[in-house]
Amino acid sequence: MSKSSSGSSRRQRVVEPDDAFDFASYEAHWQKYWAQHPATAGADASRKKFYALSMFPYPSGVLHFGHALPYTIIDALARYKRMCGHDVICPMGWDAFGLPAENAAIEAVRAGKSNVHPKTNTLANIDHMREQMRRFGYSFDWEREVFTCRADYYKWTQWIFLKMLERNVAYRKKARVNWCPSCKTVLANEQVETIVRDVDEFQGCFRCGSKVEPREIDAWFLRITEYADRLLNGLSQLEKNWSELVLSQQRNWIGRSEGVNIDFEVELRQGASGSGPLTPPGADGKPVDRVPLTVFTTRADTVYGVTYVAIAPEHPLVKRILELVDTRTHKRIHDFIQETLSMTEMDRASGDEKEGVATGMFAVNPLNGEKVPLFIANYVLMYGTGAVMAVPAHDERDHDFAKEYRLPLRQVIEPTPERKKSDTGQRVDVKRAAFTEQGILISSGKYSGLDSQAATAAIAADLKAAGKGGPVVNYKLRDWGISRQRYWGCPIPVVHCDRCGIVPVPERDLPVELPDDVDFLPTGQSPLTLHPAFQKTRCPKCGNEHARRDTDTMDTFVDSSWYWFRYTDAKNSQAIFDPAKVRRWCPVDLYVGGREHAILHLIYARFFCKFLHDIGLVDHDEPFTRMFTHGLIQGESIKVVNEHMNRYVTAEQLEALIAQGKARAEDATRRIEKMSKSKLNGADPTELVRRFGADTVRMCVLFLGPAEQDSVWDPNGIVGVHRFIKRWHETILSNAPLVENLPPMAPEQRLGSAAKTLRHAAHSLIEKSTQEYEGRYAFNTVIARCMELVNDIRAFITSEKLEGAVKGAADPTLPARHTLDEAFSVLNRALAPIAPHTAEEAHKALGGRGSIFEQPWPKADPAALVLDEIELPVQVNGKVRGTIRVAREADAKTLETAALASEAVKKLLDGKQVKKLIAVPGKIVNVVVG
């Protein structure tokens with residue numbers, strides 16, 4: 001964080017556009033034209049298909065830069081692929097269920113508004129955002145539009161759930177949730193935040209700030225863990241077309257690890273105390289019971305170094321321990337569990353604060369019979385077995401915990417002989433830091449002397465033979481809990497019957513529709529439990545009139561885990577989709593979205609695709625051939641902290657505060673951060689479209705930098721882009737008469753040097769643009785080349801003295817005019833996917849019929865990419881002082897002569913002697929004078 005030295009040094013003032021440039025008129029014209037001539041897919045099955053997909057938005061009602069960047073990227077690529085002759089599907093829909101809509105309605109009601117409903121707000125937001133997208137000129141296929149909140153969509157979400165239920169992929173069990181006692185509602189993990197109040201830090205409700213409590217409820221899960229290996233192995237298919245960052249995030253989330261299960265035995269004792277010394281009781285302290293406790297480890301070679309065992313607060317053994325320990329220990333454990341379970345799993349897993357509580361119980365090591373204390377620790381999660389063997393001498397996390405609780409550190413691994421030869425290998429001191437490398441076992445019974453790999457294999461085999469564990473594969477991935485105790489979501493299609501238990505709703509009775517007349521204000525239970533008409537139903541199996549529907553709704557990630565399939569057959573009322581249509585369009589060729597969805601959404605989408613493959617609906621098991629994650633558009637935030645205030649301000653507000661004497665420049669802290677309304681560092685792209693035009697905003701977001709990188713929004717940057725679009729527009733319209741009604745060139749007519757240079761620039765642009773549209777999507781470089789070509793075109797018109805209409809077939813300027821005509825065409829087509837309105841207008845001005853997108857993408861002429869003449873730099877005493885233009889094949893002698901004849905070198909010689917002359921053909925000329 002840094003403070004600026006001057007309040008005015010970073011002023012950002014946006015200049016208003018030129019009122020004389022009537023971009024609004026022609027943009028409205030072409031948007032109307034596209035609406036009347038939509039880009040439809042599927043009309044010609046002989047063409048190669050291209051499925052261009054961007055992650056569909058939550059309908060917040062406002063199109064912000066988080067939308068503008070990916071939708072401009074996908075629209076540009078869809079338009080490019082159409083020009084290349086592909087049959088392109090580029091649909092759009094709405095991820096319309098979820099907490100934000102419900103919370104917005106709740107807050108509106110609390111604010112005194114009436115007739116507010118999540119459905120009403122959501123559909124109104126969709127209408128508004130759809131219109132915003134049209135104003136951006138996006139060529140989405142609106143005939144394929146889907147709404148996850150409409151019954152014609154969620155009917156099929158429910159159908160997939162029933163298929164999963166049939167195959168035991170969907171199941172019900174107890175789950176721990178976050179509970180806000182003030183709002184009387186369950187909170188999703190993302191609604192729990194760290195709150196500091198009166199020096200007390202705790203996990204609280206995002207809405208009211210109350211301390212969150214853990215609760216256990218019945219919940220629905222999807223058995224995604226059964227697909228863990230397939231999800232992991234499937235990544236190998238994607239290595240060429242997915243970024244390594246996304247692939248590694250997926251691998252880490254799945255978290256496959258090969259290790260060993262070791263069955264410790266916990267001795268449970270009545271009246272055990274965790275307050276005394278951490279030493280096992282004598283013979284008189286007989287255990288009440290001995291229970292197995294399985295730990296998973298990837299370092300079985302360190303098992304003789306175990307000095308304590310730790311279990312997660314959620315571990316089933318904790319309940320039994322609480323029944324046996326003394327009163328003081330019971331309270332300590334209870335309070336610790338409440339505190340830990342209010343933390344997010346991310347905070348616990350990070351291990352920044354490794355805390356625990358001794359149970360007074362001891363675990364017996366099956367290999368050496370040693371009894372070690374049993375702790376409940378916050379850093380242990382219910383992954384795998386929910387228990388870890390702690391080896392402080394050889395694990396950094398355990399080392400920190402052991403130092404905090406004064407537990408023993410026992411070294412059982414020493415460096416290999418080769419490692420001992422190094423400086424660090426000679427200085428192993430486990431009291432100072434854990435030695436985490438593999439090596440040679442010491443103090444490990446019969447395994448001493450073995451290297452880590454051999455010892456691990458031997459220990460695993462011995463445990464398996466003794467029935468006390470053995471080799472195993474473990475995963476961090478856990479089954480997906482999809483139950484939400486909220487209203488605005490897809491109802492779960494099962495019936496609860498006192499006689500039959502849980503009964504699936506028959507497919508013929510789908511959809512189970514979400515009622516509109518619901519009181520969705522939080523009451524401590526799902527709003528659907530307060531709707532008797534929704535709940536009351538007949539058991540489909542036995543006819544029981546007193547059966548009731550499930551009142552949970554599904555996680556919105558379920559809605560977004562299959563939507564791209566529905567786009568292929570969005571209006572099908574008889575089936576989820578026609579498999580033949582999915583075979584035509586899927587898998588998706590390009591999927592564009594933000595990095596924040598690179599883990600959960602993609603894991604779930606890939607899981608659903610594999611399930612639908614398993615039941616024979618689709619012929620592939622990876623949904624997205626290429627995944628492109630774009631960067632963030634960030635903005636500069638300004639925060640003023642002084643005796644008067646502690647808040648974010650805009651640049652204009654800061655200037656006003658300084659003028660009023662309420663702030664000084666040094667009170668302002670500036671940061672580059674993700675755009676946010678609360679930080680006042682965002683920009684409204686819709687307002688910018690109104691002021692500068694859709695093409696300007698589209699081009700501006702793509703000109704910020706390579707699309708995969710984060711970029712910083714500069715409010716003044718849009719002015720330069722707007723001026724370029726105006727310059728491009730004016731260049732075409734004012735010079736279009738120069739290329740009207742051109743007759744063919746006569747055979748004897750040849751291109752001059754300037755024409756060849758311009759043609760080289762145009763075809764270089766084709767080559768560069770094609771590479772970017774097909775490759776890494778660095779559209780900023782395409783735009784920069786187009787800016788250069790506009791300058792080249794204007795300079796060419798001046799140098800060739802082109803004016804007026806062509807004067808017949810004998811006109812000596814005809815070769816130059818044909819070159820100019822080609823350059824205009826290349827420029828317009830290269831920019832058409834990025835700035836389609838202006839490209840259409842320019843195409844029309846040049847006499848083009850219909851749409852520019854009916855024109856083929858240009859192809860670079862190899863001959864045009866090679867110039868007859870080239871420009872080389874000339875250095876004098878190590879500094880470039882000028883350039884010379886020579887034939888491409890010019891030899892060293894010719895270069896030397898040309899350099900010495902150039903005016904720039906003549907001026908610098910001024911009677912001085914040339915001491916050395918070095919000419920490198922095709923590269924440079926160096927002149928050394930003295």
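Axes here are lines fitted to C-alpha atoms, for helices over the stretch in contact, and angles run from 0 to 180 degrees between N-to-C directions. With that in hand, welcome to a predicted model of a protein with 28 helices and 34 strands. Its C-alpha trace spans about 115 × 80 × 70 Å along the principal axes. Of the 930 residues, 52% count as buried.

**Helix pairs**

- Let us start with α2 and helix α23 (residues 753-774), whose axes come within 10 Å and cross at roughly 120 degrees.
- Angles of 65 to 115 degrees count as roughly perpendicular, those under 35 as roughly parallel and those over 145 as roughly antiparallel; α2 and α23 are therefore oblique to each other.
- The crossing of these two helices, α2 and α23, is left-handed.
- On the α2 side, Ala-76, Leu-77, Tyr-80 and Lys-81 take part, and they meet Thr-770, Tyr-773 and Glu-774 in α23.
- A second pair to look at is helix α1 (residues 23-36) with helix α26 (residues 836-845): their axes come within 9 Å and cross at roughly 90 degrees.
- The helices α1 and α26 are therefore roughly perpendicular to each other.
- From α1, the contact involves Tyr-26, Glu-27, His-29, Trp-30, Gln-31 and Trp-34, while α26 supplies Pro-836, His-837, Thr-838, Glu-840, Glu-841 and Lys-844.

**Nonpolar cores**

- The largest nonpolar core holds 183 residues, and Phe-161, Trp-564, Phe-565, Phe-607 and Trp-728 are those with the most contacts inside it.
- Helix α2 (residues 65-83) gives this core its largest share, ten residues.
- Another core, of 45 residues, lies apart from it and includes Ile-262, Met-361, Ala-387 and Ala-393.
- For the protein as a whole, take the contacts between residues at least 6 apart in sequence: 74% of them join residues at least 24 apart.

**A four-stranded sheet**

- Four strands make up an open sheet with mixed pairing, in the order β32-β31-β34-β33.
- At the edges are β32 (879-887) and β33, each of which pairs on one side only.
- From one strand to the next, the twist averages 20 degrees.
- Helix α27 (residues 892-901) packs on the sheet and touches β31, β32, β33 and β34; the direction of α27 makes about 125 degrees with that of β33.

**Strand pairings within the sheet**

- Strand β31 (residues 869-876) pairs with β32 in the antiparallel sense, over eight bridges.
- Within this pairing, Val-876 has Lys-879 in β32 as its bridge partner.
- Strand β33 (residues 914-920) and strand β34 (residues 924-929) run antiparallel and are joined by six bridges.
- Opposite Ile-918 stands Asn-926 in β34.
- The strands β33 and β34 form a hairpin with three residues between them, and Gly-922 in the turn has a positive phi of about 80 degrees.

Conventions:
Residues are numbered from 1 along each chain as its sequence is written. This is a predicted model: local features need pLDDT of at least 70, side-chain atom pairs count only at pLDDT 80 or more; totals for chains, interfaces and linings use all residues. Side-chain values use heavy atoms; hydrogens and water are left out. Two strands pair if DSSP finds at least two bridges between them. A nonpolar core is a set of buried Ala, Val, Leu, Ile, Met, Phe, Trp, Tyr and Cys residues joined through side-chain atoms within 4.5 Å. Buried means under 20% relative accessible area, exposed over 50%, partly exposed in between (1.4 Å probe, protein chains only). Contact means heavy atoms within 4.5 Å. A crossing is left-handed if the near helix is turned anticlockwise from the far one by less than a right angle, and right-handed if clockwise.
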